Amino acid sequence: MSHPQTKQQITSPIAAQLEAWLKTHANQDIAGPMEAYMRNLFPFLGIKNPERTLLEREFWQYHGVPAGEELIACVEALWALPEREFQYTALNLLEKHVKKAEKEHIDLLEKLIVTNSWWDSVDTIAGKIVGKHLMRFPDLIPTYTEKWIRSDNMWLQRTAILFQLGYKERTNQELLFDYIRRTADSKEFFIRKAIGWALRQYSKVNEEAVRQFVAETPQLSGLSVREALKVVDKNKEE
């Protein structure tokens, strides 16, 4: 499985300033364990999330949070940097911006899903950014999520399965179950896990539908079934 590191020159002045700011707080003693936890797929500065969040807040208070095209340029520049904390910072920016994002920003989100891909970035994009974006622009759902579920890219498929995680009663059950049926026989751990996670989340809203779906979908992996029924089985015990 490849995880390409994009290499491009930073074209965003604010991103360059932020890069320099965060690098002054790098800690190699912490970076090593962080890299090991992420299977050494990415280098780290060694700044844990709570500290990085405070540093970001301090930086934005001084410089101002970018908006519009400046924000997009900043996100893309940060994403191109090798250290993983810069991608986390980019995602935080996008989360803050999600209610103001333009419709066409879906193409940027798709690009981020397939670049420097791993569960930590993809799950944030899928559940917290793409999900909200598609809720604002539901006419994008048929085109983009269908393209993703048909893709041979595991991370796009995972996003198509997970984007409704926060939809609760607004979940499109037919769509969710359709995408799960079409990927149920996948051998990929991250697809099997996503299926279980999406079903478990939906079971909090419609337990009976999830029970029935699991019973009627024998091609689901054991992992998917166990994850899907965790809440349902707990309720049954009580």
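Buried here means under 20% relative accessible area, exposed means over 50%, and partly exposed is in between, with a 1.4 Å probe and protein chains only. His97 sits in helix α5, residues 84-97. Helices are DSSP runs of H or I with at least four residues, strands are runs of E with at least two, and both are numbered from the N terminus. Leaving out residues up to four places away in sequence, His97 touches Gly68, Leu71 and His105. Contact means heavy atoms within 4.5 Å.

Some ground rules. This is a predicted model, where local features need pLDDT of at least 70 and side-chain atom pairs count only at pLDDT 80 or more, while totals for chains, interfaces and linings use all residues. Residues are numbered from 1 along each chain as its sequence is written, and side-chain values use heavy atoms, with hydrogens and water left out.

Now the salt bridges. How many salt bridges does the structure hold? There are 14. The criterion is a side-chain nitrogen of Lys or Arg within 4 Å of a carboxyl oxygen of Asp or Glu.

Take Arg52 and Glu56. Their side chains form a salt bridge at 2.8 Å, N to O. Both belong to helix α3, residues 49-63, and they are 4 residues apart, about one turn of the helix. Arg52 is buried, at 4% relative accessibility. Glu56 is buried as well, at 3%.

Next, Glu227 and Arg200. This salt bridge comes in at 2.7 Å, N to O. Glu227 lies in helix α13, residues 222-228, and Arg200 in helix α11, residues 189-203, so the pair ties together parts that are 27 residues apart in sequence. Buried or exposed, at 8% relative accessibility: which is Glu227? Glu227 counts as buried. Arg200 is buried too, with a relative accessible area of 17%.

Arg211 and Glu207 give another bridge. The closest N and O atoms are 3.1 Å apart. The two residues are 4 apart in helix α12, residues 207-215, so about one helical turn separates them. Arg211 is partly exposed at 26% relative accessibility. Glu207 is partly exposed at 27%.

There is also a network. Salt bridges link Glu146, Arg150, Asp178 and Arg182.

On to helix packing. The axes of helix α9, residues 154-162, and helix α10, residues 173-183, come within 9 Å and cross at roughly 145°. Axes are lines fitted to C-alpha atoms, for helices over the stretch in contact, and angles run from 0 to 180 degrees between N-to-C directions. The α9 and α10 crossing is left-handed. That is, the near helix is turned anticlockwise from the far one by less than a right angle; clockwise would be right-handed.

Which residues meet there? From α9, Gln157, Ala160 and Ile161; from α10, Leu176, Tyr179, Ile180 and Thr183. The contact of α9 with α10 divides into 5 nonpolar residues, 2 polar and no charged. Nonpolar covers Ala, Val, Leu, Ile, Met, Phe, Trp, Tyr, Cys and Pro; charged covers Asp, Glu, Lys and Arg; the others, Gly among them, are polar.

Ile191 contacts some of that helix pair. Ile191 is in helix α11 and is buried, with a relative accessible area of 0%. Not counting residues up to four places away in sequence, Ile191 touches Met154, Gln157, Arg158, Ile161, Thr183 and Ser186. From Ile191 to Gln61, C-alpha to C-alpha, is 39 Å in space and 130 residues in sequence.

The core, then. In soluble globular proteins, nonpolar side chains tend to be buried together. Here the largest nonpolar core has 77 residues, and those with the most contacts inside it are Leu78 and Leu199. Such a core is a set of buried Ala, Val, Leu, Ile, Met, Phe, Trp, Tyr and Cys residues joined through side-chain atoms within 4.5 Å. Setting aside neighbours within four places in sequence, Leu78 contacts Ala15, Leu18, Phe86, Gln87, Thr89, Ala90 and Leu93.

Last topic: backbone. Most residues other than glycine have a negative phi. Arg39, not a glycine, has a positive phi of about 60°. Arg39 lies in the loop between α2 (28-37) and α3, and is exposed at 61% relative accessibility. Asn116 also has a positive phi, near 55°. Asn116 is in the loop between α6 (106-113) and α7 (119-136), and is buried at 0% relative accessibility.
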